[in-house]
Amino acid sequence: MPQQLPILRETNRIIREFAGETPELATTWTFICECGCFGLVDLTLEEFDAAPHVLAPGHTVPAALLQGNPGADTAGPTRR
Ligand SMILES: [Zn+2]
């Protein structure tokens, strides 16, 4: 079900935060493919930062994930 997909992104973000405590960018870390297949993807932090999503080769981001995350990179006006 699509509900698990944001969890995969969150998991990868937590891995990235943890990995960020080590200064060696050449080290590869194991992330989770965000297409929902739960495949493991080895990436360096440089590769992770350069990629909008963690995906195994040939895998694509499900439409459900894109639709469920509107404007994540554009900070809208904050209203209070
Ligand atoms: Zn996949």
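I took a residue as buried if 20 or more other C-beta atoms lie within 10 Å of its own, exposed if 12 or fewer, and partly exposed in between. The entries below concern a predicted model.

**Entry: His59**

I started with His59, which has 16 C-beta neighbours inside 10 Å and therefore counts as partly exposed. I found His59 in the loop between helix 2 (45-50) and helix 3. I then asked which residues His59 touches, not counting those up to four places away in sequence. The list is Cys33, Cys35 and Cys37.

**Entry: Phe38**

Next I checked Phe38, which sits in the loop between strand 1 (28-32) and strand 2 (40-44). I noted a positive phi of about 65 degrees at Phe38, although this residue is not a glycine. Is Phe38 buried or exposed? I counted 10 other C-beta atoms within 10 Å, so Phe38 is exposed.

**Entry: overall layout**

I went through the secondary structure of the protein chain and listed three helices and two strands. Along the sequence they follow the pattern α-β-β-α-α. Of the 80 residues of the chain, I have 9% down as buried. I also looked at contacts between residues at least 6 apart in sequence, and 37% of these join residues at least 24 apart.

**Entry: helix 1**

I then turned to helix 1, residues 5-19, which has 15 residues. From first C-alpha to last, helix 1 reaches 21 Å, close to the 21 Å expected at 1.5 Å a residue. Which residues of helix 1 are buried? I wrote down Leu5, Leu8 and Asn12. These cover an arc of only 55 degrees around the axis, which puts them on the same side of helix 1. On the face turned away from the buried side of helix 1, I noted the exposed residues Ile7, Glu10, Ile14, Glu17 and Phe18.

I took Leu5, in helix 1, for a separate check. Leu5 has 20 C-beta neighbours inside 10 Å and so counts as buried. I also looked up Leu5 against Pro62, 57 residues apart along the chain, and their C-alpha atoms are separated by 8.8 Å.

**Entry: confidence**

Last, I looked at pLDDT. The protein chain averages 82, and 76% of the residues score at least 70. Where pLDDT is low, the predicted coordinates should not be read in detail.

Methods:
Residues are numbered from 1 along each chain as its sequence is written. This is a predicted model: local features need pLDDT of at least 70, side-chain atom pairs count only at pLDDT 80 or more; totals for chains, interfaces and linings use all residues. Helices (H or I, at least four residues) and strands (E, at least two) are DSSP runs, numbered from the N terminus. Two residues are in contact if their C-beta atoms, placed from the backbone, lie within 7 Å. The expected span of a helix is 1.5 Å times one less than its number of residues. The arc is that of the directions from the helix axis to the C-beta atoms. pLDDT is the predictor's confidence in each residue, from 0 to 100.
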